[in-house]
Amino acid sequence: IRLLEEQYGIPQTEERDPVDLLVMTILSQNTSDTNSLRAFARLKSAFCDYDLVLAATDEVVAESIRAGGLAEIKARRIKEALFRIKQDAGAISLSFLADMKKDEAMAYLLSLPGVGPKTASVVLLFAFSMPFLPVDTHVYRVCHRLGLLDEAVSPEKAQSILERAVPVEKYLSLHLNLITHGRRICRARNPRHEECALRDCCDYYLQGQKP
């Protein structure tokens with residue numbers, strides 16, 4: 001954590017609407033950050049509020065998020081999640097989660113279509129400052145390479161392991177800095193070992209140096 005903060009700083013985040021976060025994270029599934037952000041921007045441009053998304057056909061919503069890939073599946077999941085939220089809360093708002101205990105809030109989000117532990121954790125950490133440490137593909141890869149996680153550990157199990165090992169106040173910092181590190185340095189292909197601040201404590205690098 002210290003080495004990453006020395007390299008990238010302590011991350012600062014903007015306050016985001018939890019429904020926006022939910023939709024953005026669904027759009028980020030199985031695609032690149034660039035494509036998912038483009039899809040979200042086009043969705044927000046096409047629909048001025050989520051009630052209009054809910055009223056639109058699946059085909060129209062899918063066309064607006066085409067850039068994010070798997071458009072038909074994601075359109076259906078987004079609409080189903082929005083419908084459930086409106087049905088439960090009377091409006092398309094997740095503000096009621098602030099009054100729940102963390103595990104209750106997690107259970108509610110996991111009950112929504114297309115929402116897994118990572119998506120739910122992102123919403124709860126960034127919108128409500130609840131103590132969850134989301135494990136995305138970058139976090140998962142870097143932690144495996146460092147030796148913090150065994151190869152057989154699933155992303156869901158990885159989250160609970162990391163949450164026990166990391167100080168709660170550093171969840172957000174570690175999550176964001178591991179993502180930055182995974183994008184810039186510890187890439188899936190051709191990791192840039194010569195620029196890595198973590199290489200002296202990285203199993204992947206040290207094992208590669210053995211004769």
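User: How many positive and how many negative side chains does the protein chain have, and how far apart do the centres of the two sets lie?

Analyst: This is a predicted model, and every value discussed here is computed from it. The protein chain carries 27 positive side chains together with 28 negative ones. The centres of these two sets are separated by 5 Å.

User: What share of the residues of the protein chain count as buried?

Analyst: The accessible surface of the chain comes to about 11200 Å², and 50% of it belongs to carbon and sulfur atoms. Among contacts with a separation of 6 or more, 60% join residues 24 or more positions apart. Of the 211 residues in the chain, the share that counts as buried is 45%.

User: Which residues have the most contacts inside the largest nonpolar core?

Analyst: In soluble globular proteins, nonpolar side chains tend to be buried together. Here the largest nonpolar core has 42 residues, and at least two of its residues come from each of helix 2, helix 3, helix 4, helix 5, helix 6, helix 7 and helix 8. Apart from this core lies another one of 23 residues, which includes V153, Y171, L174 and C202. Inside the largest core, the residues with the most contacts are L22, Y50, L109 and L124.

User: With which residues is L109 in contact, leaving aside its neighbours within four places in sequence?

Analyst: L109 is one of the residues with the most contacts inside the largest nonpolar core. Once neighbours within four places in sequence are set aside, the residues in contact with L109 are L94, L97, V115, A120, V123 and L124.

User: Is helix 2 largely enclosed or exposed, and what covers its buried residues?

Analyst: The buried residues of helix 2 include P18, L22 and S28. Because 11 of the 11 residues of helix 2 are buried, this helix is largely enclosed by the rest of the structure. Its cover includes helix 3, helix 4, helix 6 and helix 8.

User: Is A56 buried or exposed?

Analyst: A56 is found in the loop between helix 4 and helix 5, where, not counting residues up to four places away in sequence, A56 touches F47, V61 and K79. A56 and R38 are 18 residues apart in sequence, and their C-alpha atoms are 20 Å apart in space. Because its relative accessibility of 14% falls under the 20% cut-off, A56 counts as buried.

User: How far apart in space are R145 and L206, C-alpha to C-alpha?

Analyst: R145 lies in helix 9 and is buried, with a relative accessible area of 11%. Not counting residues up to four places away in sequence, R145 touches C186, R187, A188, P191, C202, D203 and Y204. Although R145 and L206 are 61 residues apart in sequence, the distance between their C-alpha atoms is 10.0 Å.

User: What relative accessibility does K102 have?

Analyst: K102 is placed in helix 7 and touches L124, M130, P131 and F132, not counting residues up to four places away in sequence. From G9, K102 is 93 residues away in sequence and 28 Å away in space, C-alpha to C-alpha. K102 counts as partly exposed, at a relative accessibility of 31%.

Note on methods. Residues numbered from 1 in each chain as written. Predicted model: local features only at pLDDT ≥ 70, side-chain atom pairs only at ≥ 80, totals over all residues. Heavy atoms only, no water. Buried < 20%, exposed > 50% of the residue type's maximum accessible area, 1.4 Å probe, protein only. Contact = heavy atoms within 4.5 Å. Areas by Shrake-Rupley, 256 points an atom, 1.4 Å probe, with all protein chains shown as cover. Lys, Arg positive; Asp, Glu negative; His and termini not counted. Charge placed at Lys NZ, Arg CZ, Asp CG, Glu CD. Core = buried A, V, L, I, M, F, W, Y, C linked by side-chain atoms within 4.5 Å. Helix = DSSP H or I, 4+ residues; strand = E, 2+ residues; numbered from the N terminus.
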